[in-house]
Amino acid sequence: MAFLYILDFFTAMLIVSAAIATSSESNDHVHSLIEKWGSKGSADGEFVTPHSLAFDSFGNAYITDTDNQRVQKFSSDGKFITKWGSKGSADGQFLNPEGIDIDSKGYVYVADTANSRIQKFSPDGKFITKWGSEGSGEGEFSSHVHGITIDSFDKVYVTDRFNYNIQKFSSEGNFITKWGSKGSDEGQFNEPHSSALDSSGNVYVSDTKNYRIQKFSPDGKFIMKWGTKGSGDGQFMLPLGLDIDSSNRVYVIDQGKSSVEIFTSNGTYIRPELKPATYGATNSSVLEDVELDQYDRIYITDRGEQNIKIYTSVK
C-alpha cells in the first residue's frame with residue numbers, strides 16, 4: 001500500500017509540474033493590443049482597404065491604401081506624415097497598389113497591381129523609376145502583381161499571383177531570375193500572395209490556394225514546405241501576408257481563420273496563434289498583412305475595420 005501511495009504522489013507531482021509548465025508557456029506568448037489607428041475615409045490617416053505595410057530604418061510605416069489609390073506614411077506611433085498617389089497610370093499614379101517594401105537607402109517600392117508594374121519612390125514620395133508591363137515574360141507581370149520583398153543587398157523579389165511565380169530584380173529594375181509555375185508540386189504555386197526573408201536571405205512564400213508556405217534559397221532553389229488545408233494547428237484556410245521576426249519565427253496571416261499563425265523557420269507550429277478577434281478586433285475584421293518592426297511588435301492591416309493594429313511581441 002505504501003508503494004502505491006508513493007506512486008500516486010509522484011504521479012500527482014508530474015501532473016502539477018506539467019500544468020505549471022503549460023501555464024508558463026501560455027503566459028510567455030500572451031499578446032496585448034498596444035494601439036490602433038485609422039478609420040474608413042479618404043482624409044489624411046484614413047483608409048479604404050489598407051493592404052500592406054513596410055518600415056524604414058527610422059521606424060516610419062508606409063501603408064498601401066489600395067482603394068484610395070495612394071501610399072500613406074506615418075511615424076511609428078501613428079502620426080500622419082505625408083501621402084502620395086492618385087488613380088491613373090501616369091508616373092506616380094496607381095491602380096490598386098498592394099505590395100510595398102523599403103530598401104537600405106530608404107527608397108520605397110510599390111506593386112502597382114492593376115497597372116502590372118513596380119514603381120520606385122523617394123522616402124517623401126517623389127517618383128524615381130518604374131518597370132514592368134502586362135505579360136508573362138521576364139520583367140513582365142500579370143494584372144495581379146502583388147507582394148514585394150527587398151533583401152539586404154537591395155535585390156527586389158516580386159510575387160505575381162496570376163503568373164504563379166517569383167521574379168528577382170536589381171534595385172533599378174533589371175531582371176535577375178525567376179522561379180515558379182502553376183501547380184502543386186514543390187516549387188510550383190497556386191496564386192502566391194506574399195514573400196518574406198529570414199536572416200540568411202531565404203525566401204518564404206505564402207502559396208495561398210495550395211494552403212501552404214514554401215521556403216527557397218535566395219536564387220529560388222526549393223528547400224521545404226509546410227501546411228495543408230484545414231483549421232487545425234499548422235493548417236491554413238487562406239494564408240496571405242507573412243513576415244519574419246528577429247528570431248526567424250515566421251508569422252502568417254490566415255484570413256480564413258482570422259488569425260496570425262506563428263512557426264519556426266522549419267515550419268514547426270508555435271502555440272498559441274495570435275487571434276486579433278480576442279485582442280481588440282471585431283467580427284468585421286478582414287486581416288490582410290502582418291509586419292514586424294525593429295522591436296518585433298506585430299502590425300496587422302485590417303481591411304474590414306479599415307485600420308492598423310499593433311500588438312506586443314512574442315516572448
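User: Which side chain meets Lys209 in a salt bridge?

Analyst: This is a predicted model. A salt bridge needs a side-chain nitrogen of Lys or Arg within 4 Å of a carboxyl oxygen of Asp or Glu. Here the N to O distance is 3.6 Å, so the pair qualifies. The partner of Lys209 is Glu191.

User: How many residues apart are Lys209 and Glu191?

Analyst: Lys209 sits in the loop between strand 15 (203-207) and strand 16 (212-216). Glu191 sits in the loop between strand 13 (175-179) and strand 14 (192-197). The pair links distant parts of the chain, and the separation is 18 residues.

User: Is Lys209 buried or partly exposed?

Analyst: Buried means under 20% relative accessible area, and exposed means over 50%. Glu191 has 14%, so Glu191 counts as buried. Lys209 has 31%, which lies in between, so Lys209 is partly exposed.

User: Which residue is linked with Glu191 and Lys209 in a network of salt bridges?

Analyst: The Lys209 and Glu191 side chains meet in a salt bridge. They also belong to a network of salt bridges.

User: What is the distance between the closest N and O atoms of Arg70 and Asp65?

Analyst: Arg70 lies in strand 4 (residues 70-74). Arg70 is buried at 5% relative accessibility, and Asp65 is buried at 0%. The two form a salt bridge, with their closest N and O atoms apart by 2.7 Å.

User: Which backbone oxygens does the side chain of Arg70 reach at 2.9 Å?

Analyst: Arg70 touches several residues beyond four places away in sequence, including Lys83, Trp84 and Phe94. Ser42 and Glu46 are also among them. A polar atom of the Arg70 side chain lies 2.9 Å from the backbone oxygen of Ser42. The side chain also reaches a backbone oxygen at 2.9 Å in Glu46. The residues asked for are Ser42 and Glu46.

User: Which side chain meets Arg117 in a salt bridge, and is Arg117 buried or exposed?

Analyst: The N to O distance in this salt bridge is 2.6 Å, and the partner is Asp112. Asp112 has a relative accessible area of 0% and is buried. Arg117 has 5%, under the 20% cut-off, so Arg117 is buried.

User: How many salt bridges are counted by this rule?

Analyst: Side chains of opposite charge can pair when their charged atoms come close. The pairs of Arg70 with Asp65 and Arg117 with Asp112 are salt bridges. By the 4 Å rule, the count is 18.

Notes: Residues numbered from 1 in each chain as written. Predicted model: local features only at pLDDT ≥ 70, side-chain atom pairs only at ≥ 80, totals over all residues. Heavy atoms only, no water. Buried < 20%, exposed > 50% of the residue type's maximum accessible area, 1.4 Å probe, protein only. Helix = DSSP H or I, 4+ residues; strand = E, 2+ residues; numbered from the N terminus. Polar contact = N/O pair within 3.5 Å; in protein donor to acceptor, adjacent residues only side chain to side chain. Contact = heavy atoms within 4.5 Å.
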